[in-house]
Every structure is written in C-alpha cells, then in structure tokens.
Amino acid sequence: MNRHELQAIVEKAKDKHKQMKHKICVCCGAGCISSGSEEVLKKLQDEIKTRGLDKEIEVVPSGCMGPCNQGPLVKHLPENTIYQHVNCENLDRIIQSQIVEGKPIEDMLLFADSREKPFVNASEDPFFKKQLKIALKDCGDINPEEIEDYFAVGGYQALDKALFRMSPEEVISEVKQSRIRGRGGAGYPTGLKWETVYKYVSPQKYVICNGDEGDPGAFMDRSVLEGNPHRIIEGMTIAGYAIGASKGFAYIRGEYPLAIKRFEQAIKQATKHGLLGKNILGSEFSFEMEVRIGAGAFVCGEETALIASIEGKRGTPKPRPPFPAESGLWGKPTLINNVESFAAIAPIIQNDGEWYSETGTAKSAGTKVFALAGKINYSGLIEVPMGTTLREVVFEIGGGIQGGGEFKAAQTGGPSGGCIPAEHLDVKMDYESLTSLGSIMGSGGLIVMDQSSDMVDVARFFMEFCMDESCGKCVPCRVGTKMMHDLLQKIYDGKASQIDLDRLEELAVYVKETSLCGLGGSAPNPLLSTLRHFRQEYESKILKEA
C-alpha cells in the first residue's frame, strides 16, 4: 500500500466516526478487566444492538482511562462523560438515561461518591484538569485492537511526514529540539542517543523498545501498550528510519499478556496496511518488527541485560563501554528507548520539537506519566507537565490522603528511587529537583504513604526486592544487598546497635559505587533517602547501650 491509498483509508475511518452520533468506550485495561469490564462491554454491545441503535452508537473496548480504583469505567463521547463502578446491573440506567434520554446520571458520574459536585464533562474534574496527555493521548478514547480507530485520530500521519517530507537528519534534529529525555529512568537526552546510533556506520542496526517494566506499583508502560499499541509501533518505525535500522524488537515482560496480545495484533495490522515490512508506503525504507517476551527478571530492564535476553542468553549486564549505540544486539549499533519515550515521538514529529519543548521546565521538557498508588484517594494513571509539584499531584489530582490522614512521604522511582518527606511537598517533579532530594524520576512509579508507614520497613521491602532480583554477576550487588537487607531486618526487629547502623550506611556507599549495573548502583537509594529524611525512625529502633 502506498501513501495515497493510506490517506484514502484514513479519510474513510474519519468519515465512519463522524457518522456515529455517539461513541461509548468501556475501559478494558488490565485494572478494569479485573473488575469485570469485559462482561459490561458484552452486555452493552448486545443491548445497543437489540435496541437497534448500533447504526448510530459505536461501543468499543478501550485502554486505561486513568482513575483505576473507580473501575469498571464507561466513557460517553463526545460529551466525555465517565461513569464509575459500572456493572451489568446498573448498565441499563446508563443506556436509558444517558444515551436514549440524554440525561446524565449524577450519582454514577466519576467521583460522584466523593466530590461535592460531580462533573458531567470529566475533563473539568480536578483529576484531569491538571493533566496534559501527550504519551497517553487517545488512550481510553480508541479501540486499541482496531487500526482504523488509530487512523481516525491521525495515526501514522507522523510516519508519513517523516518518510516523505523529512530526511533522517531532520527527524533527529526535531527530537533533539524537543529536549525529551529518556523516560525509562536515566533521563539521557533522547535526540542525542538517536544521533549517536545514526553516526555509527553498519549494514545492520536495531531498534528496541524496553517494555520490561518491573518496578513494584508501576503500570505506566503496560497501560500505553494495552491502550495504544500503534503509537509505539509508529514511534519505533520513525526511529528506525532516523537511525538507519531495518529491524525492531519490542521486549515486553511476560506478566503483561494483554499488552503482548494487543501489540502482536497491532504489528499484524500495520504490516497488512503496508506500515511495516518492505518499502513502507511505497518509500525506499523497510522495517520489520517482532515481540520478545521477558521472563520476569527485573535486571532485564537494564539495557545490556535486555539485549542478552533477546539474544537467547541469560539476562545479565555487561560492563560499558562499548555502549549499545556502538555494539548492542548481536554486536550491531542498537537504539534502546522505553515505551513512554516512543509514545511521544509521533506527536513531536507531527507538531515539531519546539512545540514539545515549550511544556515542562528548562532542563526537563514535556510531560511525565506516573502510576499513582498507595494511601491516596484517587489512584491510577496520570500524565502531567514536568515541573508539576508533588503537592499538586497528591492533593489536587489524587484527592489527598485516604481517610483524611496526614501525608508522610512519597516514594518515586521504585526500588531505584527514594522517599520524599512532607517538608518537600512543593518539590517540582522533574529530574534535577528529585535528584537533589536523594530520589529519582525513575520510570514513573509514585507511591504515597501516610503516618502509618514505617520507613525502616519501607527500606527493608525495597532492599528485599533488589536482593531477590540481583542477577548475581557482581559481588557488590549479590553480597551487598543481602548484607544490607539483613542489617535492616536486625534494625527493624530492634536487635541492632549503633555500630550496625554505621555499618549499614558504609555498606550502602560501597554497593552504590562499585556495582556493575544500575540495579546495584541504585539499590541503596531507598535506604539512603529514608536515613536522610527519617533518621529518627532508625535511631528509635536502635538498642541503647547500658
């Protein structure tokens, strides 16, 4: 299929959606499915067909809409009205009142059980008002299993623009101008990474999407893969064109069966429409893609361990240099970005890099997706401009602490991150600000804790996770995490002395500075940050010498 045939299909998809008076999206992300949304979808589709309304009302499954603890969620478009806790028993009310009579049901609206005023248009609710969706754009509004839905919202237009109106150098220039940094946690400038791979001359190069999201409490990449897989495929294909690669791999953790299913389905659809494969859209560029499934090893989120896993080897890190940009998959130049990074590429190319760079802060441009969890009223998936404060996220978007409790700390960056105390609630959520407090942005996990949380126990939990997930290749991580965990356990049990605490701090520095990869290098972060901000909790458990 050439680009002109594609445009005809795109226009047909847009016309089809215009003919429909209503569109109803039933959230079929993993969270809502676990609450019974697939049964709701089936009954709604059957009821609409039985009433003879299927010619004017489209009912589709969608990806995550955001407020995960309110599911199952049903969204009515174009009004953007979202109903919460929908089940097969109360579904008839929505059909009769919202769809047939055009009257919203106030007691079922999103957050109706906790807001003084429920909002008919969900975008006016505080949960959504502070958000700006770029990576998550169209998640929750389209059917991720139908490529035509992606066409209808402008899908693959950025790829068309890149292939026929831009050179590879111009694509890279736009990504550099956007100032987007790697959303996997390291925060390395994405455009610079692309340029580095581009400069290495090789007959074979690769693009890898790192979807091995393993942080406890994190589900950002999972939701994007489930809710808009074509956006990732488009971003990876543009990247392949820019750096001169002909093959891409999406490495997705095995615990995400729905994401794997939808991504593989999307690859088949894109290939069928000439958007993957030989001479894409009639151009001279060819690019193929396949999925590789991870086996649950947290360390495979590290790029050299991930590469080893794709090659069929044990997933253990390698010393660097050489970096993957020079010698990566099967020794060839390889570009690795995470899911959220690729999700931002199509909008950057379509709107230009300057447009993207205008959002965020001077050193941290764009938006960031967070998985908001813990002792908070409204948990779920959010996307906010870089520089949004922690206070805004917790108390405006998240609705504050459960049960009217008092905020104690927020853990960012998962096992590699740190805890931010109440006195720093006004910290800006960007790379530099979080690092200055002993934490990191990480991939986007954000766990909120109240006064009932024991910070020694928090550090012990994350250290146990790192100890279990260590690949064992280097001594500092293999032995050091075990020793730190044992000391934390001893302190938690009230059996440690000041000497043990001193030894723990000293050991943390050794592990941080001498480990082979980022797992060991960041494993002490939760410990060090809790010691920095909550030392009194450690000291209160230390045995007092007579």
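**Close-up views of a predicted model**

Figure 1. P322 sits in the loop between α13 (303–310) and β8. This and the other views show a predicted model. The peptide bond that runs from P321 to P322 is cis, and its omega is near 0°.

Figure 2. L77 and P78 are joined by a cis peptide bond with an omega of about 15°. P78 belongs to the loop between β3 (74–77) and β4 (81–83).

**Figure 3. The largest pocket of the model.** The volume of the largest pocket is about 1,200 Å³. Its lining is made up of 49 residues, and G184, G185, A186, G301 and E302 lie nearest the centre of the pocket. Sorted by class, the lining residues of the largest pocket are 16 nonpolar, 22 polar and 11 charged.

**Figure 4. The second largest pocket.** This pocket has a volume of about 330 Å³. Its lining has 14 residues, of which K75, F128, K133, D138 and D141 lie nearest the centre. By class, the lining of the second largest pocket holds 6 nonpolar, 3 polar and 5 charged residues.

**Figure 5. The largest cavity.** Across the whole structure, a search finds 2 cavities of 30 Å³ or more. The largest cavity has a volume of about 70 Å³. It is lined by 13 residues, and those nearest its centre are P317, C471, C474, C477 and C517. Helices α20 (475–492) and α22 each supply at least two residues of the lining. The residues that line the largest cavity divide into 8 nonpolar, 3 polar and 2 charged.

**Figure 6. The second largest cavity.** The volume here is about 30 Å³. The residues that line this cavity are I134, A135, R183, E340, A344, Y356, T367 and E383. In terms of class, 4 of the lining residues are nonpolar, 1 is polar and 3 are charged.

**Figure 7. L372, a residue in a strand.** L372 is part of strand β9 (residues 367–374). Its relative accessibility is 1%, so L372 counts as buried, since buried means under 20% relative accessible area. Beyond its neighbours within four places in sequence, L372 is in contact with Y378, S379, G380, I382, V393, G398, L446 and V448. L372 and G191 are 181 residues apart in sequence, and their C-alpha atoms are 28 Å apart in space.

**Figure 8. E56, a residue in a loop.** E56 is located in the loop between α3 (37–50) and β2 (57–62). E56 is partly exposed because its relative accessible area is 29%, which falls between the limits of 20% and 50%. Apart from its neighbours within four places in sequence, E56 is in contact with M20, K21 and H22. The C-alpha atoms of E56 and Q19 are separated by 7.1 Å, although these residues are 37 residues apart along the chain.

**Figure 9. Two residues with a positive phi.** H85 is not a glycine, yet its phi is positive, at about 50°. H85 lies in the loop between β4 and α4 (91–100). With a relative accessibility of 34%, H85 counts as partly exposed. D352 is also not a glycine and has a positive phi of about 90°. The loop that holds D352 runs between α15 (345–351) and α16 (353–357). D352 has a relative accessible area of 30% and is therefore partly exposed.

Note on methods. Residues are numbered from 1 along each chain as its sequence is written. This is a predicted model: local features need pLDDT of at least 70, side-chain atom pairs count only at pLDDT 80 or more; totals for chains, interfaces and linings use all residues. Side-chain values use heavy atoms; hydrogens and water are left out. On a 1 Å grid over the protein atoms alone, a cavity is a set of points where a 1.4 Å probe fits but cannot get out, and a pocket is an open set with protein on both sides within 12 Å along at least five of seven lines; lining residues have an atom within 4 Å of a point. Grid points are joined across faces, edges and corners, and a volume is the space filled by probe spheres set on the points. Ala, Val, Leu, Ile, Met, Phe, Trp, Tyr, Cys and Pro count as nonpolar, Asp, Glu, Lys and Arg as charged, and the others, Gly among them, as polar. Helices (H or I, at least four residues) and strands (E, at least two) are DSSP runs, numbered from the N terminus. Buried means under 20% relative accessible area, exposed over 50%, partly exposed in between (1.4 Å probe, protein chains only). Contact means heavy atoms within 4.5 Å.
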